[in-house]
Amino acid sequence: MRKMKARTKWLMPVLALLLILAGCQSVGGLDVNKALLGGLDVKSSESSTTFALNVVPASGITSEDQEIIDLINSFSVNIAHVKLQDNGNVSAAGTVAYKQSAVPFTFFMDKEAVVFTAEGAKQPFYFPLESYEDSMGIEGLDQAKIQDISKLVTGFVVKNLPNPAAISASSVSENVYGQQLNLTKLHTEITGDELPALVKGFLKSVSKDTEGFTALISGLYDYLYPILTAADVDSELNDLGFGDIPLEDKDGVVTVAHDAAKLAVDALLLVYDKQLESLYESTPELKTILSKDTKLQVDLFVDSGLHIRKQNVDLKVALPASEDLPIQSLSMKMESQTWNVNGPVTADPIPTKGALDLSSASLTPGETLRSFETGSTVYNLLKDDLGITARTLVIAPDDEYYYPIVEGGTTYVPLRYVAEDLDAAVTWDGANRAITVTDDVYGDKLVFKIGSDQALIKGTTVKLPQPVFVDEYGDAYVPLRILAEALHAKVEKDEEGYIFIDRP
């Protein structure tokens, strides 16, 4: 994760959008290819980004669906200040808006860890970073070459993509972080119905670009060779059609790989139109998504050094309305600006002392809530809006998991199964033959003793209909309603004997 240069990671979302927009052709004197690749050479910078969503509902939706859509539309992110240091360290400070609230947050990443915090958090959250070798068990990776590979792949894709119908460049004067700059504005638009033709044009260009295709495979070979050698994949290469070509024979491997890849591209081109038509027939929803109502607009503002200083991205995706997805369209808008390019920048670290290590902690809903101040915006969001503590259990009369037992009008259930399914912790005291149940959210304690008809519920002695008993499988049975209600759940039973246990 960390070993991909941090600067590359921040640029990849932008490049992912741009890769479907422009090819190598010069537009109004601007070399689009160089402009897109120029950002990969930025070693340090400061920037800001805003992001917002907008969902347009379908007609006649329910009030519940409208409430969910209103919540989505209230969401936005404002990253007011990102600092990219030349050593790869990154820090960010901003706010996440949701409903009528705004939650400030900070973030820091270096080669050791990711650390972040938010308003209301009792401590920072910490996630140590492993190398690819450690996290994925892959040997032979050269982390220093990852950025070169990113540039190689990006350049190849951008070079072979055709320009969309709407693309233009013009000279403008723009304000970037309080400074008036003379920039080149690149404006591009693409609609969903253009996308299949652009993909086909890309495949045609790749098929003809023998030099570029070979250079791409050659670069990938240099990067992957140490990995393949460490993995001893000679036999697998034979299965892939490399025959007697040894892995160390770069020219031979690259030639065979290129020919095989080109053959695959050419074969795809032969059936492209028929396969696309078949896809539309089998998935008619695609006709809505890939229609003129789906539209991507991008404005890039590039300086004389071919660095992107501002960018506005507006994406609207038309969606086929259905009962499962009662919306007409989903829009995303992002705006950003960059300054102090390759200047002196120092990222702002977040102290890790007392931080919660997320790599070793498997947080329950209650533990997650207790990481934030009660009543804080995040606490309320997690508990009330996201419902992380909510649980629903359904017990059938002949349930083969809970095996309920009804005696004297009281339903008994295995304590451990129900308690743990409501996130409670269960411990056994062998000496006293006692079972302690600790509520996950509120910390309340319940104590049941085998053979006793008295239980200690939140410090109060409660009389049970009959003593706690153990079945033939060693499971301790207690009254369902007493256990569930003590864990802040409600119990209801329908006419068919199904029992519903709900905890908010």
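Partly exposed, in what follows, describes a residue whose relative accessible area falls between 20% and 50%, with buried lying under 20% and exposed over 50%. Keep that scale at hand as we walk through this predicted model.

Lys-159 sits in helix α5 (residues 146–160), while Asp-209 belongs to the loop between α6 and α7, so the bridge ties together parts that are 50 residues apart in sequence. Asp-209 itself counts as buried because its relative accessibility is 10%.

Asp-222 is partly exposed at 33%, and Lys-250 is partly exposed at 27%.

A salt bridge can also stay inside one helix. Glu-485 and Arg-481 lie four residues apart in helix α14 (residues 480–486), about one turn of the helix, and their side chains meet at 3.4 Å, N to O. Glu-485, at 41%, is partly exposed, and so is Arg-481, at 43%. Elsewhere, Arg-391, Asp-423 and Arg-503 are linked in a network of salt bridges. The count for the model comes to 17 salt bridges.

Finally, look at Ser-91 in strand β5 (residues 90–98). With a relative accessibility of 4%, Ser-91 counts as buried. Its side chain reaches the backbone nitrogen of Asp-348 at 3.0 Å, and its contacts beyond its sequence neighbours within four places include Phe-107, Phe-108 and Ala-347.

Key. Residues are numbered from 1 along each chain as its sequence is written. This is a predicted model: local features need pLDDT of at least 70, side-chain atom pairs count only at pLDDT 80 or more; totals for chains, interfaces and linings use all residues. Side-chain values use heavy atoms; hydrogens and water are left out. Helices (H or I, at least four residues) and strands (E, at least two) are DSSP runs, numbered from the N terminus. Buried means under 20% relative accessible area, exposed over 50%, partly exposed in between (1.4 Å probe, protein chains only). A polar contact is a pair of N or O atoms within 3.5 Å; within protein, one must be able to donate a hydrogen and the other to accept it, and residues adjacent in sequence count only if both atoms are side-chain atoms. Contact means heavy atoms within 4.5 Å. A salt bridge is a side-chain nitrogen of Lys or Arg within 4 Å of a carboxyl oxygen of Asp or Glu.
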